[in-house]
Amino acid sequence: MTQMPHCPTCQSSYTYEDRGFYVCPECGHEWEDAQATEELPVYKDANGNLLVDGDTVTVIKDLKVKGATSAIKQGTKVKNIKLVEGDHNIDCKIDGFGAMKLKSEFVKKG
């Protein structure tokens, strides 16, 4: 059994959960669970289209790769991307380069 939070208004410990809200029977205050209302990050491509895990994207400009003799060329298709938090928010595998991290601003969906 999980510990119920105290009421933020009157600090009562007799709170209960009702349809996704916490309710205080002493003062009548209702509030949402902070963890449930936490928003997930939204990732968009260069054209503003929403990206999701498993999408196929196309690189929109030549990208230099540190330690490689050639760049990732414009028009390279990248299949089955995985979205992660951070500056480079796409994890993927590119033929001829292996595992890479890309920025969503340099790809377009499709």
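I began with Met100, which I found in strand S8, strands being DSSP runs of E with at least two residues, numbered from the N terminus. The model is a predicted one, in which local features need pLDDT of at least 70 and side-chain atom pairs count only at pLDDT 80 or more, while totals for chains, interfaces and linings use all residues. Residues are numbered from 1 along each chain as its sequence is written, and side-chain values use heavy atoms, with hydrogens and water left out.

I looked up the exposure of Met100 and noted a relative accessibility of 16%, which counts as buried; buried means under 20% relative accessible area, exposed over 50%, and partly exposed in between, with a 1.4 Å probe and protein chains only. Setting aside residues up to four places away in sequence, I listed Val65, Ile72, Ile90, Asp91, Cys92 and Ile94 as touching Met100, where contact means heavy atoms within 4.5 Å. I then followed the pairing of S7 (residues 90–94) with S8 (residues 98–102), which is antiparallel and runs over five bridges; two strands pair if DSSP finds at least two bridges between them. Ile94 stands opposite Gly98 in S8. Three residues separate S7 from S8 in this hairpin, and I noted for Gly96, in the turn, a positive phi of about 90 degrees.

**Ser104**

Moving on, I placed Ser104 in the loop between S8 and strand S9 (107–109). Ser104 counts as buried, with 9% relative accessibility. Its side chain reaches the backbone oxygen of Lys44 at 3.2 Å. Apart from neighbours within four places in sequence, Ser104 is in contact with Lys44, Asp45, Ala46, Leu51, Asn89 and Ile90.

**The sheet that includes S9**

I traced an open sheet of three strands in the order S5-S4-S9, with antiparallel pairing. Strand S5 (77–78) and S9 are at the edges with a single partner strand each, so one side of each has no neighbour in the sheet. Between S4 and S9 I recorded three bridges in the antiparallel sense, and Lys109 in S9 is the bridge partner of Val57.

**Val42**

Last, I turned to Val42, in the loop between strand S3 (30–32) and strand S4 (57–59). Val42 is exposed, at a relative accessible area of 56%.

Methods. Helices (H or I, at least four residues) and strands (E, at least two) are DSSP runs, numbered from the N terminus. A polar contact is a pair of N or O atoms within 3.5 Å; within protein, one must be able to donate a hydrogen and the other to accept it, and residues adjacent in sequence count only if both atoms are side-chain atoms.
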